[in-house]
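Open the model in your viewer and keep the selection panel at hand. The tour goes stop by stop.

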Amino acid sequence: VVVTTRDVTAPTFAPDGQLEVTQASLTTLTLTWPQAFANVTVSAYQVSVDEALVVTLPPEARTFRVTELTPSTEYELHITALDEAGQESVSGLSTFGSTRSAEGVPTDEAVKGALAPHCSLCHQTWFSSTEAFLSELVAGHSGDFSSARASVDRPFVSPGDPEGSLLIELLEGRGPDDYDSPMMPPTSFGGASADFATLSADGQTSLTMLQVRDWIEVMELTP
């Protein structure tokens with residue numbers, strides 16, 4: 001006779017385990033947490049915001065970015081673990097996090113002016129007007145370096161999504177290998193000493209990378 005004992009113990013987190021907000025933007029909060037433990041195995045994690053379930057994640061997940069939040073707002077964040085029997089951790093982990101203020105988000109003209117001293121040598125058509133600047137960044141594969149941009153099949157800016165924007169990758173010196181240069185401004189053109197993010201950290205630009213990210217995050221896609 002085989003006797004099967006049902007698992008009746010819910011998953012738990014270590015006593016010193018913490019749910020942490022590792023990054024806050026205008027409309028997102030990035031969370032990280034430690035592994036939970038179960039008698040058999042953890043099957044999923046559930047993330048809640050202000051007591052409303054947002055997402056169920058696979059057991060290997062240790063981070064999640066909560067999106068579509070409101071600037072200058074505090075949120076209660078909570079995570080629980082589930083096991084294969086469907087049991088949920090009793091207490092889980094909780095914390096509070098606040099999105100950043102939208103005050104001080106730069107205008108289109110301000111971003112154009114900040115990039116011009118460092119990018120206009122290669123991308124002259126960007127800076128003829130604000131309209132041209134926005135069109136070249138957001139519209140298809142046209143203008144300066146069109147062949148290089150087409151090779152990665154991405155516009156420079158994805159409105160509302162700084163993490164998915166090629167411009168951010170290039171300004172931070174981590175652009176794709178098949179682009180002409182992985183950084184803006186490139187050291188191969190004009191003898192730039194560093195990428196825009198490094199120049200910004202050294203106080204050599206009129207806007208910070210965070211401000212450029214904010215500008216993309218609040219940008220609306222024009223139909």
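Which helix gives the largest share of the lining of the largest pocket? Select H6 (209–217): the largest share, 4 residues, comes from this helix. Helices are DSSP runs of H or I with at least four residues, strands runs of E with at least two, numbered from the N terminus.

This is a predicted model, where local features need pLDDT of at least 70, side-chain atom pairs count only at pLDDT 80 or more, and totals for chains, interfaces and linings use all residues. Numbering starts from 1 along each chain as its sequence is written, and side-chain values use heavy atoms, without hydrogens and water.

Select strand S1 (20–24), which supplies at least two lining residues. Strands pair if DSSP finds at least two bridges between them. Click Gln 23; its bridge partner in S2 is Thr 30. S1 and S2 form a hairpin with 4 residues between them.

**The salt bridges.** Show Glu 163 and Arg 213: their side chains meet in a salt bridge at 2.6 Å, N to O. The term means a side-chain nitrogen of Lys or Arg within 4 Å of a carboxyl oxygen of Asp or Glu. Glu 163 sits in the loop between H3 (146–152) and H4 (166–171) and Arg 213 in H6, so the pair ties together parts 50 residues apart in sequence.

Next, select Arg 174 and Glu 172, whose closest N and O atoms are 2.8 Å apart in a salt bridge. Salt bridges with shared partners join Glu 163, Glu 172, Arg 174 and Arg 213 into one network.
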